[in-house]
Every structure is written in C-alpha cells, then in structure tokens.
Amino acid sequence: MTSQPTRLSPLEVRERVACMCDHGFACSSFAPGHALHLIQARMASATPRGWTDAIVEEADPTSGILSLRTLDGDLHVIWNGAGAALEAPAGSPVALHRDYGVLAYGRVQFNVATV
C-alpha cells in the first residue's frame with residue numbers, strides 16, 4: 001500500500017520562496033525590483049513614450065533604494081535588488097519607464113519597484 005503524497009498549499013509554498021539575491025547571489029525572481037524579464041524589457045522598448053528622463057538624487061547601495069528627480073521636478077523613490085544603486089550613483093542621468101518598472105542607465109536596464 002502506498003501513502004498519499006504530501007501536498008503543500010500555495011500559501012505555504014510562497015512563504016518558503018526566497019530570491020537568491022537575499023543570499024548574495026544573482027536574482028532568481030522576476031518580481032518588481034528583482035531580475036529584469038525579457039518580455040518586460042521588450043515592452044518598455046516598444047513603448048518609447050513611457051520613458052521619463054531623471055537624475056539620481058540619492059543612491060543607497062546597501063538598501064538598493066534610489067531617489068530620482070525627473071526633469072519636471074517629480075520625485076520617484078524606487079528599489080532594485082540587482083545593483084542599480086551601485087551602477088547609477090547620485091548625479092547620474094537615468095531614464096525611468098513607469099508603466100513597466102524599468103530603469104535605464106546607459107545601456108544597462110533594471111527591474112524596479114516603487115517604494
């Protein structure tokens with residue numbers, strides 16, 4: 001006689017999931033602020049009107065939080081766990097695609113979450 005396999009509820013599975021960036025490795029999640037998904041990058045590239053130019057006011061590499069000031073004067077506080085705060089220090093010109101949560105610094109793009 002065989003025993004029934006143990007089944008975990010979706011809630012239990014989600015509670016146990018941790019992105020590899022929590023342990024000092026590359027992001028293994030495509031959630032906002034983690035690894036940039038190919039489709040997300042393509043959608044941002046396909047909608048050029050969604051980009052907003054900004055300047056990094058503050059960048060904290062420890063927490064991954066960046067404060068951006070757009071050319072219109074709007075402040076956006078974002079988070080990225082993949083090193084955007086290391087790549088784009090304070091004073092750097094960047095572009096933010098708010099519709100798809102993408103931050104571009106030169107040719108490098110990051111998935112960002114709004115704080």
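Tutor: Begin with pairing. Two strands count as paired if DSSP finds at least two bridges between them. Keep in mind that this model is predicted.

Student: Which residue of β7 is the bridge partner of I78?

Tutor: T114 is the partner of I78. Two bridges join β3, residues 75-79, to β7, and these strands run antiparallel.

Student: What is the strand order in the open sheet?

Tutor: The order is β6-β5-β4-β1-β2-β3-β7, with antiparallel pairing. β6 and β7 stand at the edges with a single partner strand each, so one side of each has no neighbour in the sheet.

Student: Which strands does α2 touch as it packs on the sheet?

Tutor: Helix α2 touches β1, β4, β5 and β6, and its direction makes about 115° with that of β6.

Student: Now the helix itself. Which residues of α2 are buried?

Tutor: Buried means under 20% relative accessible area. In α2, residues 38-46, Q40, A41 and A44 are buried. Viewed down the axis of α2, the buried residues fall within an arc of 100°, so they line one face of the helix. They pack against β1 (51-60), β4 (93-97), β5 (102-105) and β6 (108-111).

Student: Which residues are exposed on the other side of α2?

Tutor: L38, I39, R42 and A46 are exposed there.

Student: How many helices and strands does the chain have?

Tutor: Three helices and seven strands. From the N terminus they run α-α-β-β-β-α-β-β-β-β. Of the chain's 115 residues, 32% count as buried.

Note on methods:
Residues numbered from 1 in each chain as written. Predicted model: local features only at pLDDT ≥ 70, side-chain atom pairs only at ≥ 80, totals over all residues. Heavy atoms only, no water. Helix = DSSP H or I, 4+ residues; strand = E, 2+ residues; numbered from the N terminus. Buried < 20%, exposed > 50% of the residue type's maximum accessible area, 1.4 Å probe, protein only. Arc of directions from axis to C-beta. Contact = heavy atoms within 4.5 Å. Axes fitted to C-alpha atoms, helices over the stretch in contact; angles between N-to-C directions.
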